[in-house]
Amino acid sequence: MDPFRFAIQARSGRARVGLLTTPHGRVETPLFMPVGTAGSVKGLLPRDLQEIGSQVLLANTYHLLLRPGPERVRALGGLHRFAGWDGPWLTDSGGFQVMSLGHLRRIDEEGVVFQSHLDGRLIKLTPERSVAVQEALGADLIMAFDECPPYPASRDYLKASLERTLRWLERSLKAKTRPDQALFGIAQGGTDPGLRALSTRETVRFDLPGYAIGGLAVGEPKEAMFRMVALSTELLPETKPRYLMGVGHPEDLVAAMGLGVDLFDCVYPTRTARFGSALVPEGRINLKNAQYLEDKRPLEEGCDCYACQTFSRAYIAHLVRAREMLGGILLSLHNLRFLHRLTERAREAIRQGSYGAFAREFAERRFGEEIPPWFREAMAAGGHW
């Protein structure tokens with residue numbers, strides 16, 4: 001029996017609830033994946049992540065290639081044993097670093113040569129090397145090597161980049177040897193509708209276990225981003241999971257779930273926590289502000305996370321101002337639980353056929369009377385408003 005299965009269980013407009021089966025357990029979608037770049041979600045124990053409802057963790061191929069090295073991880077039991085998380089893992093391919101480390105790399109048809117940000121040594125990453133590293137790491141879900149182009153980029157650049165990404169996808173598939181890992185392809189094309197459609201259709205031709213929507217949330221306007229998400233989910237197979245890479249703002253999750261996206265990841269909830277901010281239904285609050293120093297309320301009324309059940313805003317504001325580690329830990333715990341609760345409520349709304357009402361209630365709390373046009377447009381495209 002195929003160790004990877006995906007079944008749609010409920011729909012509401014274009015939003016859907018799915019059950020994804022992997023060798024390390026079954027998970028419900030849509031879901032948000034906490035980012036553990038170096039095999040660790042900063043400041044949180046795997047036990048904490050399990051308790052707040054995390055289902056899949058993400059690790060970074062490029063960073064783990066540099067240290068501790070893939071063969072060391074393999075020898076120590078792969079990511080599941082090495083990092084103490086026995087649920088599913090997803091590893092990216094290193095393709096995002098092609099953009100984010102643009103000042104430290106050189107691209108050609110063979111692959112990408114990086115200058116290590118740690119010690120300056122040259123690291124060559126090809127589709128074959130990326131897959132080999134991900135096989136050594138042992139993640140359940142792995143990504144084909146790609147190039148994430150910057151925004152803005154010319155149409156000629158985007159076209160050449162997506163064509164190279166398709167050739168790299170073919171090489172990634174040829175290099176793959178482990179049947180217990182599912183390789184996802186990544187569609188690119190920037191915000192050009194024609195190129196986005198071309199890349200998506202050509203990627204789907206490979207008949208993969210799942211597909212990612214790449215190259216978005218890199219600086220483009222929200223209107224352009226969600227038009228590309230809507231276009232992508234129209235073209236991607238109904239029977240395969242869809243992964244919108246690098247997206248983690250709550251309003252973006254609600255809009256994208258409404259368009260039929262299943263998987264998300266982003267450093268946003270934990271990074272913003274380390275800067276002293278908590279996610280709340282109205283947006284976020286900055287605990288560095290003096291107004292919270294005597295605030296007896298929890299970070300969010302009704303939240304079931306340990307931080308909200310145990311501590312006041314005043315205490316956490318004190319920790320943040322004193323630069324105590326616990327401040328960032330509690331805020332990270334809350335922010336991830338906030339996103340997990342959001343996806344849990346979304347799944348329930350989809351099961352009840354009421355995603356539109358769920359999204360409207362969310363938007364009215366988040367935006368007030370001025371719900372932005374991009375959000376309305378996404379809801380209309382998803383069949384909700």
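In this predicted model, a search of the whole structure finds 11 aromatic pairs. One of them joins Phe-367 and Trp-374 in an edge-to-face arrangement, with 6.4 Å from centre to centre and 85° between the planes. Trp-374 also forms an edge-to-face pair with Phe-375, here with a centre-to-centre distance of 5.7 Å and an angle of 75° between the planes. Trp-374 has a relative accessible area of 8% and is therefore buried, and Phe-375, at 0%, is buried as well. These residues belong to one aromatic cluster, which is formed by Phe-226, Phe-362, Phe-367, Trp-374, Phe-375 and Trp-385.

From the aromatic rings we turn to the pockets. The largest pocket holds about 780 Å³ of space, and of the 33 residues that line it, Asn-60, Phe-96, Gln-97, Asp-265 and Val-267 are the closest to its centre. Three elements, α5 (95–100), β14 (263–266) and α11 (268–274), each supply at least two residues of this lining, and α5 gives the most, with 4 residues. Sorted by class, the lining of the largest pocket comprises 13 nonpolar, 14 polar and 6 charged residues.

The helices α14 (325–351) and α15 (355–367) each contribute at least two residues to the lining, with α15 giving the most, namely 5 residues. What classes of residue make up the lining of the second largest pocket? There are 9 nonpolar and 8 charged residues in this lining, and no polar ones.

A further feature to follow in the structure is a sheet. Three strands form an open sheet in the order β7-β8-β9, and their pairing is antiparallel. The edge strands, each of which pairs on one side only, are β7 (105–107) and β9 (122–125), and the twist from one strand to the next averages 15°. Strands of a sheet pair through backbone hydrogen bonds, in either a parallel or an antiparallel way.

Key: Residues are numbered from 1 along each chain as its sequence is written. This is a predicted model: local features need pLDDT of at least 70, side-chain atom pairs count only at pLDDT 80 or more; totals for chains, interfaces and linings use all residues. Side-chain values use heavy atoms; hydrogens and water are left out. On a 1 Å grid over the protein atoms alone, a cavity is a set of points where a 1.4 Å probe fits but cannot get out, and a pocket is an open set with protein on both sides within 12 Å along at least five of seven lines; lining residues have an atom within 4 Å of a point. Grid points are joined across faces, edges and corners, and a volume is the space filled by probe spheres set on the points. Ala, Val, Leu, Ile, Met, Phe, Trp, Tyr, Cys and Pro count as nonpolar, Asp, Glu, Lys and Arg as charged, and the others, Gly among them, as polar. Two strands pair if DSSP finds at least two bridges between them. Axes are lines fitted to C-alpha atoms, for helices over the stretch in contact, and angles run from 0 to 180 degrees between N-to-C directions. Rings of Phe, Tyr and Trp (its six-membered ring) pair if their centres lie within 6.5 Å; planes under 30 degrees apart count as stacked, over 60 as edge-to-face and the rest as tilted. Buried means under 20% relative accessible area, exposed over 50%, partly exposed in between (1.4 Å probe, protein chains only).
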